[in-house]
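Let's take a walk through this one, strand by strand. Have the model open and follow along.

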Amino acid sequence: IVDRRDVIPAAVEAAGGVVEHFGMPVDPGTMLLLGRLKGKPVLGLPGCARSPKENGFDWVLQRLCAGLAVGREDIMRMGAGGLLAEIPSRPLPRAEASPARPERKAPAGPRIAALLLAAGRSSRMGGPNKLLEPIDGVPMVVRTAQRLLSSHARPIVAVLGNQADQVDGALGKLPVERVRNPAFADGLSTSLKRGLAALPAECDGVIVCLGDMPLVTGRDLDRLIAAFNPLEGRAIVVPTRRGKRGNPVLWAKRFFPEMAELAGDVGAKHLIGEYTELVSEVEMDTDSVLIDIDTPDALAALRDRMKPSAA
């Protein structure tokens with residue numbers, strides 16, 4: 001339901017009923033409709049009605065099932081206190097205005113890890129390992145790792161393969177766990193499986209990040225984490241920018257077995273299409289989630305972008 005002229009309220013009136021109240025001052029549940037037809041209450045269900053988590057619709061339905069009368073004043077009073085959740089598109093007002101925090105403390109909630117896939121052969125670069133190429137004086141893989149570490153995701157697990165010793169040395173003393181994938185030449189799926197196997201059993205989900213995306217920020221990752229809620233149907237969280245999907249993607253633990261069955265040089269993208277009802281898209285502030293560095297031209301463009309004059 002979007003408004004009083006939508007399909008459900010129009011149908012109630014066409015059937016000879018009346019719309020007694022539309023809207024509920026609580027979220028989830030804002031689009032609830034209460035009507036009456038032939039002496040029976042009619043509920044127009046908001047989208048949250050399918051959620052197993054308690055919401056405004058449940059408050060009304062429970063009363064009706066108990067034989068209690070529910071009117072417009074009752075519904076309006078149910079808004080006291082609300083159920084409004086803080087999500088990326090709806091942060092607390094003070095979150096936007098507050099200065100940068102020197103210390104990032106992980107909020108209570110699901111435990112989300114991050115995989116840094118850094119085992120590729122950089123075949124499209126025509127020679128050098130792109131992850132070791134300097135970006136503003138810092139190897140690309142280090143910049144990406146630092147961005148992951150600035151998020152609430154823990155642990156950060158890097159999967160190494162091509163020139164593993166050099167990549168390991170570049171990461172140095174960063175608090176990033178490292179695992180090696182001796183089968184890295186067989187494709188992306190082998191690194192994904194190796195990384196998943198290294199995650200702690202208590203993880204609720206994982207953000208899969210490519211090592212050649214050095215512009216993705218910790219704030220981007222935290223927006224994905226904030227939107228993650230499998231109970232409410234948000235088990236795959238995908239970043240978008242102006243409607244275009246990007247990376248990294250956050251996956252609930254339930255998908256780990258299917259991801260571990262992948263083969264060849266492919267990721268888990270096809271699962272997004274197979275589980276569309278569990279996908280949540282989160283719009284980002286910048287193009288960082290769309291930019292990966294695969295070619296010398298892309299690397300040159302990134303370096304130009306990072307110059308102070310281009311800032």
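Predicted model: local features only at pLDDT ≥ 70, side-chain atom pairs only at ≥ 80, totals over all residues.

The turn has 2 residues between the strands, and one to look at is arginine 242, whose phi is positive at about 55°.

Now stay with E10 and look at its other partners. Strand E12 (residues 249-252) is antiparallel to E10 and joined to it by 2 bridges. Strand E13 (residues 279-283) instead runs parallel to E10, over 5 bridges. Isoleucine 236 takes part in both pairings: its bridge partner in E12 is tryptophan 251, and in E13 it is valine 279.

So how enclosed is E10 by the rest of the structure? Largely, because 6 of the 6 residues in the strand (residues 236-241) are buried. That goes for both faces: Ile236, Val238 and Thr240 point one way, Val237, Pro239 and Arg241 the other, and all are buried.

Back to isoleucine 236 for its surroundings. Leaving out residues up to four places away in sequence, isoleucine 236 touches Val249, Leu250, Trp251, Phe255, Leu271, Ile272, Tyr275, Leu278, Val279 and Ser280. Ile236 also shows up in the largest nonpolar core, a set of 67 residues in which Val206, Ile236, Trp251, Phe255 and Met259 touch the most other members. The biggest contributor to this core is strand E4 (residues 112-118), with 7 residues. Apart from this core lies another, of 11 residues, including Leu34, Cys48, Trp59 and Val70.

Methods
Residues numbered from 1 in each chain as written. Heavy atoms only, no water. Buried < 20%, exposed > 50% of the residue type's maximum accessible area, 1.4 Å probe, protein only. Helix = DSSP H or I, 4+ residues; strand = E, 2+ residues; numbered from the N terminus. Pairing = 2+ DSSP bridges. Core = buried A, V, L, I, M, F, W, Y, C linked by side-chain atoms within 4.5 Å. Contact = heavy atoms within 4.5 Å.
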